[in-house]
Amino acid sequence: MPESQKTAEPCVMVIFGATGDLTKRKLFPALYNLARSKFLPGNFAIVGVGRQEMTTEEFQQQMHDNLKEFAGANPDGELLQWFCSRTSYTGGDFDDDKKLFHDLKELLAEVCAKHDIPENFFYYMAIPPDLFATVAKKIVKNGLGREEDGHWRRFIFEKPFGRDLKSAKKLNADLLAILKERQIYRIDHYLGKETVQNILVFRFGNSIFEPIWNRNFVDHVQITVAEKLGVEQRGGYYDTAGALRDMIPNHLFQLVTLTAMEPPVSFEADAVRDEQAKILAAIQPFSPEDSLHCVVRGQYGPGEIDGKKVPGYRDEEKVARSSNTETYAAMKLSIDNWRWADVPFYLRTGKRMSEKHSSIIIQFKKAPFVLFRDTPVDRLRTNRIEIHIQPDEGITLHFGAKIPGPVVKLGAVDMDFNYVEHFGEQLSTGYERLLYDCMIGDATLFQRADMVEASWEIVSPILDVWSAIPARNFPNYESGSWGPHEADELLEREGRSWKNPTSETSATDLDKRKS
């Protein structure tokens, strides 16, 4: 991913939803980390826009307090002061075509003059998705989206980008009616993680891996994104979304495409995204029958995590007591191309799981056993590569080796690479690289319109079936387990099993999986 310069161009970041949770927990700390690493330009400013009425001084104090809480231990006082001096705020009604956007226009002119910043603006939409097109249109209508005299305007949209294929197409059409595709940055913070970005370097920068990254050597691929937390304060949103909508068309499909794509001709944004789009187009569509047999849904019931009892999903705040919303989804994907024909990709994501754990596992085929027939070895261990995304970013290679002694016995060996051990701990929210890339105009890690629509097209048949046939056995997994037993059966009927962080599934965990 090209980095034409270390420090981004002078610009102003305008945050719609500046008083919200995302801004204080992620965006402000990410900007602070970029400034500390000297990736922010000296001529930089932040303009917060929110519904709340408050003065710039009050917003600066709020920002100061939030950075002290969320920017790591002992943030630099001088840097905090620099941030506050370059932060402004205006508040009002987002539906107001005149006052709020007139005030914003005047404030941006004032900020640019005060800090000697050319009129390069990027707008971050940390607001509900149903406001994306509305706010973008008002920005353009008030002359704040126009690119002229060499100045740029860019727009970052948080997920979810639509809730189904129809709404995603409409949102794309609405935005492309007023903006160019190169101005639109559909953000997926998962791609800000170092290990995710490292997938392409690992695959294409090391000649020992790419030759075996195909159907001739790979038995199957597993992608897991598991969370210990429940829905917390997001019950109202989550009960209208569910695990499938919330995680799979964005986070998990991005991981699928990076794992499965062909080598791009370069690291330019469209070269990489062209190859990702080809993978999405090659995923075999789900028939109604496939949606029943190759996809599993689950909902967590009460249970115990870290020795504490936790409620079931239906007992969470703002969740319907008879809710049929899934908090777990697993599926088997088939990619119909030359590299991956007949290699299943198994995906799963869920809340209230046994551990917070995200990984990509490349499971290789077994070697021929013939050489070991007259030895004490009764079976060969299969090799696998595990790419750890969270909580401990790194890569592990699992293979077998001879145990020292006079007879041939095999033991399991792990070769581990851990980011912290090798490169030192880097404070990161996952947003640093993405904000920086937007500032320098590199859209490699952002989804394109065709990718968004292709992702929704894959999951739409599943959503249709689930809507027509509500789940009858919810809740069907206990909090603190690894999900419903049907997800295990999805692999077991083909002689495979999920690779959980623990070596073997315990009897206790099996007991937890009750319908």
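Guide: One term to begin with: two strands pair if DSSP finds at least two bridges between them. Keep in mind that the model is predicted.

Visitor: What is the strand order in the open sheet of three strands?
Guide: The pairing in this sheet is mixed. Strand 10 (308–310) and strand 17 (477–479) are the edge strands, and each pairs on one side only. Neighbouring strands are turned by 25 degrees against each other on average, direction ignored. The order is 10-9-17.

Visitor: Which residue in strand 17 is the bridge partner of Gly-301?
Guide: Strand 9 (residues 300–305) and strand 17 pair in the parallel sense over three bridges. In strand 17, the partner of Gly-301 is Glu-478.

Visitor: Which strands stand at the edges of the six-stranded sheet?
Guide: The six strands form an open sheet with parallel pairing, in the order 3-2-1-4-5-6.

Visitor: By how many degrees are neighbouring strands of the six-stranded sheet turned against each other on average?
Guide: Direction is ignored in this average. The value is 20 degrees.

Visitor: Is strand 5 buried or exposed?
Guide: Look at both faces. Arg-153, Phe-155 and Phe-157 lie on one side, Arg-154 and Ile-156 on the other, and all are buried. In a regular strand the side chains alternate between the two faces of the sheet. Five of the five residues of strand 5 are buried, so the strand is largely enclosed by the rest of the structure: it is buried.

Visitor: Which residue of strand 5 is the bridge partner of Tyr-124?
Guide: Strand 4 and strand 5 pair in the parallel sense over five bridges. The partner of Tyr-124 in strand 5 is Ile-156.

Visitor: And which residue in strand 6 is the bridge partner of Phe-155?
Guide: Strand 5 (residues 153–157) and strand 6 also pair in the parallel sense, over three bridges. In strand 6, the partner of Phe-155 is Ile-184.

Visitor: Which strands does helix 13 touch?
Guide: Helix 13 (residues 432–440) packs on the sheet, and its direction makes about 155 degrees with that of strand 5. It touches strand 1 (11–16), strand 2, strand 4 (121–125), strand 5 and strand 6.

Visitor: At about what angle does helix 2 run to strand 3?
Guide: Helix 2 (residues 56–70) lies across strand 2 (44–50) and strand 3. Its angle to strand 3 is about 120 degrees.

Visitor: Is helix 5 roughly parallel or antiparallel to helix 6?
Guide: The axes of helix 5 (residues 132–141) and helix 6 (residues 165–176) come within 10 Å and cross at roughly 5 degrees. Angles under 35 degrees count as roughly parallel. That crossing therefore makes helix 5 roughly parallel to helix 6.

Visitor: How many residues in the contact of helix 5 with helix 6 are nonpolar?
Guide: Phe-132, Ala-133, Ala-136 and Lys-137 in helix 5 meet Leu-171, Asp-174 and Leu-175 in helix 6. Two of the contact residues are charged and none is polar. The nonpolar count is five.

How values were computed
Residues numbered from 1 in each chain as written. Predicted model: local features only at pLDDT ≥ 70, side-chain atom pairs only at ≥ 80, totals over all residues. Heavy atoms only, no water. Helix = DSSP H or I, 4+ residues; strand = E, 2+ residues; numbered from the N terminus. Axes fitted to C-alpha atoms, helices over the stretch in contact; angles between N-to-C directions. Contact = heavy atoms within 4.5 Å. Parallel < 35°, antiparallel > 145°, perpendicular 65-115°, else oblique. Nonpolar A, V, L, I, M, F, W, Y, C, P; charged D, E, K, R; others polar. Buried < 20%, exposed > 50% of the residue type's maximum accessible area, 1.4 Å probe, protein only.
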